[in-house]
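User: Could you take me through this structure? I would like to ask questions as we go.

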Amino acid sequence: NGWIAKTLRRATRNVAVANFAFSEQALADALADAGALNPSLHVRTIGERSFATRFYSELLDIWGLALLRLPEEAPSHPCTYEDGNKPWPFAGEAGIASMASGDKMHHKFAVIDDRTVLFGSHNWSESANRGNDETVIAIHDAGIAREFMGEFERLAREFGISERLIDNR
């Protein structure tokens, strides 16, 4: 995650992230840092519906929201916020992947400045970083970046937090 964060902080024009489970605070902070340094940076993220509205989802930070832990999610710490949570003070663009009924978005990639693609088996989470055996590959090629952006655009149909999304939690 440290290497991913370092790469994100170097973004100058745009970042598009599609990640099944985006729950690593340091990576959300890296995107926020890049956006604070460069207000014209366009950051878009999409995630899996079943993870997006959990208290530890970093899509919530991008939306500028924080959710309390529900008793069934954290019996020993219900009705508290995630430690270190940092909702963005500015509007970020986050959304839910558009999938066929019954399907889950299981993608794990980022396209940075229309040239760099990070992809692999690595979710943007603490468990993927510390407990799992995962891979991340970086390719610097505008043609490959275009192909990944095509997939991002295919999936990116529903941006913003909505009553429908909250009701489906």
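This is a predicted model: local features need pLDDT of at least 70, side-chain atom pairs count only at pLDDT 80 or more; totals for chains, interfaces and linings use all residues.

User: How far apart are the end C-alpha atoms of helix H2?
Analyst: They are 18 Å apart, which agrees with the 18 Å that the 13 residues (25–37) should span at 1.5 Å a residue. The expected span is 1.5 Å times one less than the number of residues. Helices (H or I, at least four residues) and strands (E, at least two) are DSSP runs, numbered from the N terminus.

User: What do the buried residues of H2 pack against?
Analyst: They pack against helices H1 (2–9) and H4 (58–63) and strands E1 (14–19) and E2 (42–47). Among the buried residues of H2 are Leu27, Ala28 and Leu31. Buried means under 20% relative accessible area, exposed over 50%, and partly exposed in between (1.4 Å probe, protein chains only).

User: Changing topic, where is Phe119?
Analyst: Phe119 lies in strand E5 (residues 116–120). Phe119 is partly exposed, at 23% relative accessible area.

User: Which residues does Phe119 touch?
Analyst: Leaving aside residues up to four places away in sequence, the contacts (heavy atoms within 4.5 Å) of Phe119 include Phe109, Val136 and Phe148.

User: And why is strand E3 described as largely enclosed?
Analyst: Four of the five residues of E3 (93–97) are buried, so the rest of the structure largely encloses this strand.

Key
Residues are numbered from 1 along each chain as its sequence is written. Side-chain values use heavy atoms; hydrogens and water are left out.
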